[in-house]
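Please examine the sequence and structure shown here before reading on.

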Amino acid sequence: MKHNVEVMISEAEVAARVKHPNVIDIFDTGTAASGLRYIALELLTGEGLDRTLRRGPLPWPRAQHITLQICRALAAAHAAQVVHRDMKPENCFRV
């Protein structure tokens, strides 16, 4: 069985195939000289959708806009043969 770090690196390498404005860019994965494993991601400024939702319901136009962006990102992932197995507000980031 793979160690959690190995699973995370493997998933990042698969996710790196998805190129879309609504999907975070994964630039590199690897092992440093010290043996430390790493994933180099695009730096985002904003907040998780879970945090946004904790402030209360969104007006329909805003909720629709966010939902459509998530759907476009998932469609891009599916087109690249990638299935996101953990879709939830905590895994969506608003910039």
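A pocket is an open set of grid points with protein on both sides within 12 Å along at least five of seven lines, and its lining residues have an atom within 4 Å of a point. The model discussed here is predicted.

In this model, the largest pocket is lined by 35 residues, among which Asn-22, Val-23, Ile-24, His-84 and Asn-91 lie nearest its centre. Two or more lining residues are given by each of helix H1 (4–15), strand S2 (37–41), helix H3 (60–79) and strand S4 (93–94). H3 supplies the largest share, eight residues. The volume of this pocket is about 1,400 Å³. The lining divides by residue class as follows.

| Class of lining residue | Number of residues |
|---|---|
| Nonpolar | 23 residues |
| Polar | six residues |

Apart from neighbours within four places in sequence, Ala-76 contacts Val-18 and His-20.

Cys-92 is located in the loop between H3 and S4. Its relative accessible area is 12%, and because buried means under 20%, Cys-92 counts as buried. Beyond residues up to four places away in sequence, Cys-92 touches Glu-47, Gly-48, Leu-49, Ile-70 and Met-87. For one of these, Leu-49, the C-alpha atom is separated from that of Cys-92 by 5.5 Å, although the two residues are 43 residues apart along the chain.

Conventions: Residues are numbered from 1 along each chain as its sequence is written. This is a predicted model: local features need pLDDT of at least 70, side-chain atom pairs count only at pLDDT 80 or more; totals for chains, interfaces and linings use all residues. Side-chain values use heavy atoms; hydrogens and water are left out. On a 1 Å grid over the protein atoms alone, a cavity is a set of points where a 1.4 Å probe fits but cannot get out, and a pocket is an open set with protein on both sides within 12 Å along at least five of seven lines; lining residues have an atom within 4 Å of a point. Grid points are joined across faces, edges and corners, and a volume is the space filled by probe spheres set on the points. Helices (H or I, at least four residues) and strands (E, at least two) are DSSP runs, numbered from the N terminus. Ala, Val, Leu, Ile, Met, Phe, Trp, Tyr, Cys and Pro count as nonpolar, Asp, Glu, Lys and Arg as charged, and the others, Gly among them, as polar. Contact means heavy atoms within 4.5 Å. Buried means under 20% relative accessible area, exposed over 50%, partly exposed in between (1.4 Å probe, protein chains only).
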